[in-house]
Amino acid sequence: RSALASKEEARDMISARTVSSDGFINLDHGDPTMFESYWRKMGDKCTVVIAGSDSLSYFAETKNLCWFLEPKLEEAIKGLHRAVGNAAADDHHVVVGTGSSQLILAALYALCPQDELKPVSVVSAVPYYSSYPEMTDFLRSGLYKWAGDAQTLDTDGPYIELVTSPNNPDGVTREAIVVNRGRGKLVHDLAYYWPQYTPISHPADYDVMLFTASKCTGHAGSRIGWALVRDKDVARKITKFIELSTIGVSKESQLRAAKVLGAISDSCQRSGPLEFDNFFECSKNLLAERWDKLRDVVKRSDIFSLPEYPLQHCLFTGEFTVAHPGNSSIMLKAITMNTLVVSLNRADPRPVCLMLVSFYEKNAAFAWMKCNESIEDCEKFLKEYKIQTRSGKRFGTDPKYVRFSMVSRDKEFNLLLQRLLAIQGRD
Ligand code: PMP
């Protein structure tokens with residue numbers, strides 16, 4: 001039998017495990033297995049071969065501020081941000097981490113003043129990513145401590161606000177809550193600021209921005225995240241944290257990430273023969289289809305409700321990529337809901353081309369679902385139907401809410417829909 005057949009069997013066994021032997025579907029984590037189908041179609045195009053003699057050294061580029069960052073990965077990260085237009089990467093230092101989880105802690109370390117007597121308050125607006133309080137207080141650091149909801153922060157002292165946009169769990173586009181009050185610093189966690197999840201409205205240009213391959217390409221197992229950092233000293237401190245905790249980041253992972261990030265950048269280019277289907281379009285379509293199905297099921301229910309998101313325009317289209325040579329004098333003007341006119345400069349506003357932009361709703365990586373008044377604890381309620389979700393309590397809010405993953409494999413997602421439908425017909 002072919003090696004492919006046994007690979008498929010192994011995959012089925014793994015996927016059977018996510019729907020466990022007692023029939024539970026585990027949608028508690030945002031495990032991005034939905035993306036496997038795209039990468040399977042790509043076959044061996046992203047295979048990376050690493051010889052026994054490769055990558056033995058701790059060091060990648062000793063002249064670089066982040067001395068363990070593989071130059072190929074840096075190039076791929078900057079190229080991808082240029083192609084997508086979601087972050088001003090070229091004016092920032094890149095620091096690689098073992099997932100963006102490691103970089104969150106590294107950023108807290110780097111942004112804390114070293115001469116403070118009391119720990120710096122770390123806040124994020126409710127509902128916040130459930131790992132923030134857990135990771136902030138895990139080692140009981142003397143440098144910083146979790147201080148809860150950014151909306152109720154009550155201190156004149158230094159603080160760090162974690163701004164997650166789009167937000168985990170509810171997918172909302174966010175800005176900082178406590179800007180410029182006291183001595184605040186911001187960390188922008190942009191794990192989900194990619195076109196499959198949300199319209200790309202502008203290139204983000206903040207002081208510290210965190211991204212992760214886990215949510216961008218779905219390669220969570222490679223554990224690659226990156227920070228884009230404006231200030232050299234802050235970038236140096238983030239690098240120091242990683243040096244002290246893990247002496248760098250796996251080179252095998254970095255080289256694999258460089259390959260997949262490069263492949264999805266190429267997949268966005270509209271000119272020339274296409275080797276890959278556009279990754280973001282494929283993923284966005286798949287997620288949008290899932291959201292349509294979920295909304296349809298929830299609409300028929302008097303038990304559950306989902307948030308409504310406003311339509312936003314997205315500048316990520318092939319036309320935009322082609323028409324964006326980095327020329328700051330280019331002028332864009334919206335003339336209809338989905339057409340922009342492009343002129344070369346203000347003095348000569350004659351249109352040189354029209355660009356199509358799409359307006360669309362978010363396709364968040366998680367659903368943030370609310371139960372009606374008769375159900376106090378939505379997580380507990382869904383557990384009775386063998387659906388494992390994460391309670392609103394973990395995100396600093398009401399147990400009437402749950403978060404569940406929208407990026408599982410088809411099998412789990414379809415089972416979820418069936419079970420939600422069955423709940424409605426339960427009487
Ligand atoms: N930030 C946010 C908002 C996340 O949702 C996650 C993953 N769930 C992370 C950071 C961490 O991702 P990773 O460590 O896999 O890069």
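How many helices and strands does the chain have? In this predicted model, there are 12 helices and 18 strands.

**View 1. The whole chain.** The chain holds 427 residues, and 39% of them are buried. Among its contacts with a separation of 6 or more, 70% are between residues 24 or more positions apart.

**View 2. The sheet of seven strands.** Seven strands make up an open sheet with mixed pairing, and their order is S2-S8-S7-S6-S5-S3-S4. Strand S2 (93–98) and strand S4 (144–149) are the edge strands, each pairing on one side only. On average, neighbouring strands in this sheet are turned by 25° against each other, direction ignored. Helix H4 packs on the sheet, where H4 touches S2, strand S3 (120–124), S4, S5, S6, S7 and strand S8 (224–229). The direction of H4 makes about 165° with that of S7.

**View 3. Strand S6 and its two partners.** Is strand S6 (residues 183–189) largely enclosed by the rest of the structure, or largely open? Five of the seven residues of S6 are buried, so this strand is largely enclosed by the rest of the structure. S6 runs parallel to strand S5 (residues 158–164), and seven bridges join the two. In this pairing, Pro158 is opposite Arg183 of S6. S6 also runs parallel to strand S7 (residues 208–212), to which two bridges join it. Here His188 is opposite Met209 of S7.

**View 4. Helix H4 against helix H7.** Two packed helices are described by the angle between their axes and the distance between the axes. The axes of helix H4 (residues 99–111) and helix H7 (residues 232–246) come within 8 Å and cross at roughly 125°. That angle makes H4 oblique to H7. The crossing of H4 past H7 is right-handed. On the H4 side, the residues in contact are Gln102, Leu103, Leu105, Ala106, Ala107, Tyr109, Ala110 and Leu111. On the H7 side they are Val234, Lys237, Ile238, Phe241, Ile242 and Ser245. By class, this contact of H4 with H7 has 11 nonpolar, two polar and one charged residues.

**View 5. Helix H9 beside helix H12.** At what angle do helix H9 (residues 279–299) and helix H12 (residues 410–424) pack? The angle is about 10°, and the axes of H9 and H12 are 10 Å apart. H9 is therefore roughly parallel to H12. From H9, Arg290, Lys293, Leu294 and Val297 take part in the contact. From H12, they meet Phe413, Leu417, Leu420 and Leu421. The contact of H9 with H12 has six nonpolar, no polar and two charged residues.

**View 6. The sheet of four strands.** Four strands form an open sheet in the order S9-S15-S18-S17, and their pairing is antiparallel. Which strands stand at the edges? Strand S9 (304–305) and strand S17 (390–391) do, and each has a single partner strand, so one side of each is left without a neighbour in the sheet. The partner of S17 is strand S18 (residues 401–405), with antiparallel pairing over two bridges. Ser391 has Val402 of S18 as its bridge partner.

Notes: Residues are numbered from 1 along each chain as its sequence is written. This is a predicted model: local features need pLDDT of at least 70, side-chain atom pairs count only at pLDDT 80 or more; totals for chains, interfaces and linings use all residues. A residue is buried if 20 or more other C-beta atoms lie within 10 Å of its own, exposed if 12 or fewer, and partly exposed in between; C-beta atoms are placed from the backbone. Two residues are in contact if their C-beta atoms, placed from the backbone, lie within 7 Å. Two strands pair if DSSP finds at least two bridges between them. Axes are lines fitted to C-alpha atoms, for helices over the stretch in contact, and angles run from 0 to 180 degrees between N-to-C directions. Angles under 35 degrees count as roughly parallel, over 145 as roughly antiparallel, 65 to 115 as roughly perpendicular and the rest as oblique. A crossing is left-handed if the near helix is turned anticlockwise from the far one by less than a right angle, and right-handed if clockwise. Ala, Val, Leu, Ile, Met, Phe, Trp, Tyr, Cys and Pro count as nonpolar, Asp, Glu, Lys and Arg as charged, and the others, Gly among them, as polar.
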